[in-house]
Amino acid sequence: MNVTQKILSAHLLSGEMIPGKEISIRIDQTLTQDSTGTMAYLQFEAMGISRVRTERSVAYIDHNTLQTGFENADDHKYITTVAKKHGIWLSKPGNGICHQVQLERIGKPGKTLLGSDSHTPTGGALGMIAIGAGGLDVAVAMGGGAYYLDCPSVVNVRLTGKLSRGVAAKDVILELLRRLSVKGGVGKVMEYTGPGVATLSIPERATITNMGAELGATTSVFPSDEVTRAFLKAQNREEDYQPLTADEDAVYEETVEIDLSALEPMVALPHMPDNVMTVKEAGKIKVDQVCIGSCTNSSYQDMMRVAAMLRGKTVNPEVSLVIAPGSRQVLTMLSQNGALADMIQAGARICETACGFCIGMGQSPQTNGVSVRTNNRNFFGRSGTKSAGIYLVSCETAAATALSGYLSDPRDVEADLDVEMPETFVCNDNMILPPAAEAEAADVEVVRGPNIKPFPQADVLADDLTGSALLKMEDNITTDHIMPSGSNLLPFRSNIPKLSEYCLSPVDATFPERAKAAGGGFLVAGQNYGQGSSREHAALVPLYLKIRGVLAKSFARIHRANLINNGILPLEFVNEADYDRFDQEDEIVLTGIRQLVESGAEEIPVTNKTKGFTATMKLKVTDRQRQMLLAGGLINMIAGK
């Protein structure tokens, strides 16, 4: 077996390990962050389970750390108290980004991790099956329930050679995105093998597994080897190590070969992570801002290489450079060894150890600005400035660019980039708070501020559904389009009515008002609808607006699951040409839809009453998901049982 099969089979609860068939697995660890966590814990409470049943569940506060009003602070108080009551550990704000801290202090080879953040696959760097999911799926896992997924096919990404000076792990995953696209990993696990694996540190592996999310992959995974042992030993937890590698005769559905020695610095141009070319091909682009950090590139090794490039130099006077170390551990070590001073002396602004600029929480560029960043997504408008162009690069390329003022090849900068991994990290877990003992949990009061509103729940599926096509969209509509984040909206992640005023507004500013006036309806979309983050708000808010179904050419994995979890029909065109026959405001009728779903029908006739034709749509769901749709979502189905 390969590594993926070994871990999945050891956790298998139901189904057969056949790609495309539904399986369910036991979850060992969960994580949430404060942008998605409030909703996940409201859903957990609704299940009536007093205590989490995982080996370790952790609530991180790392997204909504900008507190310009009471809303974020109230959410943090709710998360703190609900975690303490129900057996969940809490990583306080300032302790670091969830994926970085999970890698350093919590993750274990051979374990399963489910997180309410799409970049949870970062944990695959340690030899885990780490999967991003909607908050409701995470809530179920916390309660001891199985996690259901389509058994993925496994792609062998075989690495040979060794990265050259100035070429980084970020360039590996950008090269994969260039080759495979943002849809290339759908339904797959990217498993890394070959002699090149041993040349990559755990932080470098984490950069690669982190951005596997941008491929649409279920997850990505590296073997657990001596590099893993050394990292865990340096984190003072060698006892968590176990070796885990693919068998010599392991079978894979596909193989992709990458010669690390042949790679060169890469860049993803606006506005998609797969719009990739080499830095040299992109040419001399004038830059206004450089941002270094995020869960993709904020490790100690990343920061030390940046410090080495900046040491004794000065940032270009026309560039604003901001740096956000990924965890308190990283920041502490930089402050102790002088690297932080090197950054500050060069002219960098040091930001909080949090998600920050990656999610649009501060550091929005100027009008028409060019911002070069080390994070994972450059979706249109995500930075907070719609007219800005966001370019994704490695830390080395970002540092070289900050010095020159133009997109630059880091190999042209004189600096010692041979950063050794520490034999011992600074380990201080005093900001990871344990929950109350079970005997004392009943006395813990859960505090709910006025911004925390109940989450919407669907009605049982009606016999017939009618409504207009409220919006027609193109390919690659992201969760940032469906439910924008940014500093103005992130504080309302626990307030669905407020968020509903902005649903799909980047596509059509009139949509929220029209949807409310119509009393609901349908959405029409192209390929890969719902790509991007795991935020189930992209399903919860349309549910609140009474969206009954989405007609699309195809769906991104997590968003499709979130739609089903919330009782919204995900329908795919059998004949993609039918997509062109639907227009906005067309009246749509699904006659006898409840009976069709009950009968197990896989083809659903959808009548366009305005145009006078019927299109055939696919409903690709399991029997369990059919019951969910009939009940009006997962919470209703659980309550019914």
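Is F582 buried or exposed? F582 counts as buried, because its relative accessibility is 0%; buried here means under 20% relative accessible area, exposed over 50%, and partly exposed in between, with a 1.4 Å probe and protein chains only.

Before going on, a word on the model, friends. It is predicted, so to speak of local features we need pLDDT of at least 70, and side-chain atom pairs count only at pLDDT 80 or more, while totals for chains, interfaces and linings use all residues. Residues are numbered from 1 along each chain as its sequence is written, and side-chain values use heavy atoms, with hydrogens and water left out.

Now to the rings. Searching the whole structure gives 7 aromatic pairs. Rings of Phe, Tyr and Trp (its six-membered ring) pair if their centres lie within 6.5 Å; planes under 30 degrees apart are stacked, over 60 edge-to-face, and the rest tilted. One of the pairs is F573 with Y579: the centres are 6.1 Å apart and the planes at 90°, so this pair is edge-to-face. Both residues, F573 and Y579, are buried.

F582 and F613 also pair edge-to-face, at 5.3 Å centre to centre with 75° between the planes. This pair links distant parts of the chain, 31 residues apart: F582 is in the loop between strand 24 (569–573) and strand 25 (587–590), and F613 is in strand 27 (residues 613–618). Strands are DSSP runs of E, at least two residues, numbered from the N terminus. F613 counts as buried too, because its relative accessibility is 9%.

Put together, ring pairs link F573, Y579, F582 and F613 into a cluster.

Key:
Helices (H or I, at least four residues) and strands (E, at least two) are DSSP runs, numbered from the N terminus.
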